[in-house]
Amino acid sequence: MIQFRFLGILMAVAIRTKKPLDLHLAPLVWKQLCSMPLGGPDLEEVDLLTYRTLQGILHLENSGITEDNFHVMIPLDSFMAHSADGRLVPVVPGGQNISLTFANRNEYVERALDYRLHEMDSQVAAVREGMSTIIPVPLLSLLTAQQLEQLVCGLPEVSVEMLKKLVRYRDITESHQLVGWFWQSLEEFTNEERVLFLRFVSGRSRLPSNPADITQKFQIIKVDRVRPPLTN
């Protein structure tokens with residue numbers, strides 16, 4: 001929990017300093033940080049197999065599964081489900097002692113879905129606690145999950161147009177043929193290669209979503225070198 005709290009501090013510092021983190025969290029985590037409600041599609045994004053299994057138990061129409069063959073067709077016999085880390089856990093207190101039947105399958109799906117969507121509530125709360133030491137966390141509820149992710153992580157794509165806003169020219173103009181070749185080469189780079197270029201010239205892997213937040217620019221300098229005379 002101390003590490004999750006520290007992660008929250010880092011995320012808040014990234015927002016304050018406008019220096020994004022190369023951080024990859026599940027979409028439902030960003031929604032929880034913004035106090036947004038979660039639903040089935042949020043689980044579907046991170047665990048398609050579990051979501052489809054629960055939907056299969058819930059919707060038995062045209063499946064040939066009846067009350068008589070339910071236990072033969074459904075490989076679960078109690079209120080247990082697999083957690084995010086693969087463990088088989090009860091979805092309600094004492095769930096290992098509650099039989100899953102044709103009659104209570106709707107309740108099981110509801111409980112299992114609720115467990116999976118909220119099994120990391122305490123970790124998310126620790127992250128929010130860490131963020132609260134730097135920024136007013138209640139204001140996060142005014143943001144969408146995508147807006148918060150952009151504030152913390154910046155832009156995932158490093159475009160040439162954005163890079164052109166970060167450059168200064170010295171002893172050379174933007175219209176020079178060499179500069180044209182330079183940008184043409186970057187256009188042919190993959191995004192991963194442009195990220196490596198950005199890291200080389202600036203030490204960062206992400207760009208803020210607002211170019212105005214970028215104060216440090218890199219330079220393109222023309223250097224004239226005199227070729228030494230040839231000797232025998």
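This is a predicted model: local features need pLDDT of at least 70, side-chain atom pairs count only at pLDDT 80 or more; totals for chains, interfaces and linings use all residues.
I'll start with the annotation. The UniProt record, an unreviewed entry, lists residues 1–208 as "domain: HECT". In the model that span is 52% helix and 5% strand, and its end C-alpha atoms are 28 Å apart.

Next, helix packing. Two packed helices are described by the angle between their axes and the distance between the axes. Take helix H1, residues 2–17, and helix H8, residues 145–153: their axes come within 7 Å and cross at roughly 80°. An angle of 65 to 115 degrees counts as roughly perpendicular, so H1 is roughly perpendicular to H8. On the H1 side the contact is made by Met 11, Ala 14 and Ile 15, and on the H8 side by Leu 148, Leu 151 and Val 152. By class, that contact has six nonpolar residues, no polar and no charged.

Is Gly 154 buried or exposed? Its relative accessibility is 4%, so Gly 154 counts as buried. Setting aside neighbours within four places in sequence, Gly 154 is in contact with Pro 20, Glu 149, Arg 206, Leu 207, Pro 208 and Ser 209. Of those, Pro 208 has the number at which the annotated HECT span ends. For a sense of distance, Gly 154 and Asn 97 are 57 residues apart in sequence, and their C-alpha atoms are 47 Å apart in space.

Now the aromatics. How many aromatic pairs are there? The count comes to five. One of them is Phe 70 with Phe 102: the ring centres are 6.0 Å apart and the planes stand at 85°, so this pair is edge-to-face. Phe 70 is in helix H5, residues 70–73, while Phe 102 is in the loop between strand S2, 88–90, and helix H6, 105–118, so the pair links parts of the chain 32 residues apart. Elsewhere, ring pairs join Phe 182, Trp 183, Phe 197 and Phe 218 into a cluster.

Last, Thr 50, which is in helix H4, residues 48–58. Its relative accessible area is 19%, and the cut-off for buried is under 20%, so Thr 50 is buried. Not counting residues up to four places away in sequence, Thr 50 touches Leu 43 and Arg 116.

Key
Residues are numbered from 1 along each chain as its sequence is written. Side-chain values use heavy atoms; hydrogens and water are left out. UniProt positions are given in the numbering used here, feature names are shortened, and annotations may be inferred rather than shown by experiment. Helices (H or I, at least four residues) and strands (E, at least two) are DSSP runs, numbered from the N terminus. Axes are lines fitted to C-alpha atoms, for helices over the stretch in contact, and angles run from 0 to 180 degrees between N-to-C directions. Angles under 35 degrees count as roughly parallel, over 145 as roughly antiparallel, 65 to 115 as roughly perpendicular and the rest as oblique. Contact means heavy atoms within 4.5 Å. Ala, Val, Leu, Ile, Met, Phe, Trp, Tyr, Cys and Pro count as nonpolar, Asp, Glu, Lys and Arg as charged, and the others, Gly among them, as polar. Rings of Phe, Tyr and Trp (its six-membered ring) pair if their centres lie within 6.5 Å; planes under 30 degrees apart count as stacked, over 60 as edge-to-face and the rest as tilted. Buried means under 20% relative accessible area, exposed over 50%, partly exposed in between (1.4 Å probe, protein chains only).
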